[in-house]
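This briefing is for a reader meeting the structure for the first time.

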Amino acid sequence: MAIDTKKVFARRPLRYDSYQDLVNDAERLAACDVRSLGNWSPGQTLGHLARAMELSIDGADFKASWLVRLAARIFYRQRCISGPMPPGIRLPREAQALLVPEEVDVQTALAELRLAVLRLQHDTERAPHPVFGEMSLDEWDSFHLRHAELHMSFLVAQAAPMAVEAAF
């Protein structure tokens with residue numbers, strides 16, 4: 001049964017100021033045991049973020065309906081750019097096919113994320129967002145960081161078990 005991510009508490013509070021902040025956090029989590037509070041594994045989460053970044057450069061083969069685009073631009077665009085993004089948004093089927101990866105190990109997904117970040121830092125062309133339309137480089141960067149904060153907030157490092165000394 002899927003978790004209603006709108007109702008998940010105990011998510012990590014995050015604010016990334018740069019892509020390096022995101023990569024550092026992803027590397028730290030990839031090096032330890034992680035529990036997901038949402039529906040996606042750590043590998044799926046990192047893979048999703050990498051795919052979204054790649055699509056912002058390469059473009060997506062789908063576009064939301066004109067009504068969704070209009071409403072989103074009025075009510076959500078600025079919030080999604082300056083954050084925080086709301087959890088629980090359901091993607092249309094064609095977006096899910098592109099953006100929701102199958103299970104992948106965390107190290108493979110981390111490598112994909114690093115590559116996507118490198119592309120964003122070196123490629124200055126961006127495709128229109130399928131919902132929000134044309135965005136500047138700064139808007140895209142902010143969008144990706146806010147998007148990453150949302151998804152990464154569901155990943156929580158497991159505390160290492162404490163050693164118990166015998167009281168003998």
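Arg 28 is partly exposed in this predicted model, with a relative accessible area of 43%. Its side chain meets that of Asp 25 in a salt bridge, 3.2 Å from N to O. Asp 25, in contrast, is buried at 9% relative accessible area, because buried means under 20%.

**Salt bridges**

- The count of salt bridges comes to eight.
- Side chains of opposite charge can pair when their charged atoms come close.
- Arg 28 and Asp 25 are three residues apart in helix H1, so about one helical turn separates them.
- Glu 27 and Arg 114 also meet through their side chains in a salt bridge, with an N to O distance of 3.0 Å.
- Glu 27 belongs to helix H1 and Arg 114 to helix H6, so this pair ties together parts that are 87 residues apart in sequence.
- Glu 27 is partly exposed, with a relative accessible area of 30%, and Arg 114 is partly exposed at 35%.
- In the salt bridge between Arg 119 and Asp 58, the closest N and O atoms are 2.8 Å apart.
- Because Arg 119 lies in helix H6 and Asp 58 in helix H2, the pair ties together parts that are 61 residues apart in sequence.
- Arg 119 is partly exposed at 27% relative accessible area, whereas Asp 58 counts as exposed at 51%.

**Nonpolar cores**

- The largest nonpolar core has 23 residues, of which Leu 22, Leu 46, Met 53, Leu 113 and Met 152 touch the most other members.
- At least two residues of this core come from each of helix H1 (19-30), helix H2 (42-58), helix H6 (106-122) and helix H7 (137-152).
- Leaving aside residues up to four places away in sequence, Leu 22 touches Tyr 16, Leu 49, Met 53, Leu 113, Ala 148 and Met 152.
- A second, separate core of 15 residues includes Met 85, Phe 132, Met 135 and Phe 154.

**Nonpolar surface**

- Trp 66, Leu 67, Leu 70, Ile 74, Phe 75 and Tyr 76 make a nonpolar surface patch of about 730 Å².
- Trp 66 lies in helix H3, which covers residues 66-75.
- Trp 66 is exposed, with a relative accessible area of 60%.

**Cysteines**

- The count of disulfides comes to zero.
- Cys 32 is partly exposed, at 33% relative accessible area.
- Cys 80 counts as buried, at 5% relative accessibility.

Terms used. Residues are numbered from 1 along each chain as its sequence is written. This is a predicted model: local features need pLDDT of at least 70, side-chain atom pairs count only at pLDDT 80 or more; totals for chains, interfaces and linings use all residues. Side-chain values use heavy atoms; hydrogens and water are left out. Patches are made of residues with over 30% relative accessible area and no salt bridge: like charges are joined within 9 Å, nonpolar side chains (Val, Leu, Ile, Met, Phe, Trp, Tyr) within 5 Å. Accessible areas come from the Shrake-Rupley method with a 1.4 Å probe; for residues, only the protein chains shown count as cover. A salt bridge is a side-chain nitrogen of Lys or Arg within 4 Å of a carboxyl oxygen of Asp or Glu. Helices (H or I, at least four residues) and strands (E, at least two) are DSSP runs, numbered from the N terminus. Buried means under 20% relative accessible area, exposed over 50%, partly exposed in between (1.4 Å probe, protein chains only). A nonpolar core is a set of buried Ala, Val, Leu, Ile, Met, Phe, Trp, Tyr and Cys residues joined through side-chain atoms within 4.5 Å. Contact means heavy atoms within 4.5 Å. A disulfide is a pair of cysteine sulfur atoms within 2.5 Å.
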